[in-house]
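Here is my note on the interface between the two chains. Please read it with the model open.

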Amino acid sequence: MVFFEVEMQWNVLISPNELDAKGLLLQKAIIVHLMEEFANRKASKEHGYYVAVTSLNSVGEGKVRGLTGDVLFPVTFSCITQKPAKGEILQGSVEKILKHGIFLKSGPMESIFLPEKTMKDYRYVAGENPVFLNDKHSKLEKDTIVRFKVLGFKWLEYDRQFQLLATLAGDFLGPI
Amino acid sequence: MVEKGDKNFSSDKGKTASKLAASKEESLKGKDSAPVNKTRHIQVDSSDSEYEGFVDERSPASAKASGKASSDLKSGKKKVSFESLKTGRKTSFETPAAKGDWGKGGKDFNAGKAGGKGSLPQATAVKPRLTEIELKLELELPKNARLLMDCEAAEILQEIEEHKTILSEDPKVKFPESFNKVLQYTKFGGHYINSQSARKVLETLKINGVNDGEICMIGNICPETVEEVYALLPSLKANKHKNEGPIREVLASLAKVKSSK
């Protein structure tokens with residue numbers, strides 16, 4: 001999984017009641033706000049999934065908003081994000097098995113599709129619990145951990161998440 | 001949604017949509033689409049609608065599944081294939097209409113056939129995608145960013161996790177949902193005793209022309225043999241004569257810093 005440690009510049013709006021004691025409490029309020037923003041925004045196209053705020057690097061001059069009394073601070077902070085990359089090797093667990101392929105989950109990435117065509121010699125076996133089997137009786141069923149390669153990915157603005165296409169074509173790929 | 005559109009397609013519009021969908025499948029599957037067609041011949045009706053449903057599921061963005069929506073999707077995918085698809089659609093549109101065998105031949109057969117015909121040039125265009133064994137790692141590093149290996153991220157997150165119980169007492173503190181998922185992922189990816197020693201070992205590959213992304217991948221995969229490295233990271237093969245020795249050494253040193261679990 002590819003992680004970035006990124007330094008970003010955001011503006012944070014702090015309400016007056018969080019301003020009573022300057023210093024550490026302000027920093028705490030800013031970090032809490034950043035984490036909240038992370039939880040709300042989930043991910044971005046450029047940086048990928050927001051995972052955690054690691055440090056607050058600087059807090060700029062605050063500007064008071066006339067109407068509400070909120071203060072807007074420009075801040076720089078470091079954080080960890082995770083973004084899929086084409087060609088990277090990942091591990092994921094099998095979520096759902098369909099005739100035409102398998103849906104996988106890997107960390108924050110929840111919509112990874114592994115089409116039947118890219119699964120080498122694996123064949124669909126129907127049944128109450130459908131599975132994919134290959135000639136060597138290697139089995140792909142629900143919750144199997146699979147090592148796969150990322151064939152491509154797409155950012156879905158509406159869902160604020162990435163959609164991935166996976167492949168097993170290549171050696172050392174498959175269930176582990 | 002696609003299913004519906006296809007089931008009552010008496011209009012030309014519906015036809016195009018299905019053709020589009022058919023050729024779209026092809027574009028997704030690449031040249032291996034021949035066997036797909038075969039199976040479709042056998043189980044005429046149901047397989048088609050199922051297929052459409054599947055395509056739908058794969059790309060919820062095209063859920064509207066009008067011809068336009070799916071063509072949008074394609075244009076986003078690849079210019080070349082879009083072009084060929086365009087022509088593909090044209091031919092497929094004309095063929096059944098001229099012959100008039102659309103009604104009696106059954107939609108599946110037609111869709112498959114016409115789609116196949118239309119996508120002949122496109123199959124060659126998509127061909128390279130099937131040999132994706134050679135798929136290279138393409139990494140875009142955002143501004144002010146540094147790459148982290150799984151184990152490095154795991155250590156940082158672990159630290160945060162330790163403070164989490166105190167932090168969670170404050171109801172205002174929210175953790176992004178990715179946090180737990182990543183933490184879980186990195187837990188079963190944690191191969192090393194500590195990330196610094198792994199990083200130190202891997203950094204030595206830099207002078208041998210192995211880039212940051214590849215170093216990061218090797219660290220994450222924690223391969224046991226050189227063959228595994230080359231199989232998973234085909235981009236390294238180009239400089240095999242130069243980097244094989246160093247990689248072998250690095251794997252040996254990595255084995256020493258592996259955690260014993």
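1. How many residue pairs are in polar contact between chain B and chain A? The count is 12, with both residues at pLDDT 80 or more. A polar contact here is a pair of N or O atoms within 3.5 Å; within protein, one must be able to donate a hydrogen and the other to accept it, and residues adjacent in sequence count only if both atoms are side-chain atoms.

2. On conventions: this is a predicted model, where local features need pLDDT of at least 70, side-chain atom pairs count only at pLDDT 80 or more, and totals for chains, interfaces and linings use all residues. Residues are numbered from 1 along each chain as its sequence is written, chains are lettered from A in the order written, and side-chain values use heavy atoms, without hydrogens and water.

3. Chain B puts 60 residues into the contact and chain A puts in 61 (heavy atoms within 4.5 Å). The buried area is about 5,200 Å², with 63% from carbon and sulfur atoms. Buried area is the accessible area (1.4 Å probe) lost when two parts are put together, summed over both.

4. Five salt bridges cross the interface (a side-chain nitrogen of Lys or Arg within 4 Å of a carboxyl oxygen of Asp or Glu). One pairs A:Glu5 with B:Arg146, with the closest N and O atoms 2.7 Å apart.

5. Strand E1 (residues 3–14) of chain A runs antiparallel to E1(B), joined by four bridges. Pairing needs at least two DSSP bridges; strands are DSSP E runs of at least two residues, numbered from the N terminus. A:Val6 sits opposite B:Ala145.
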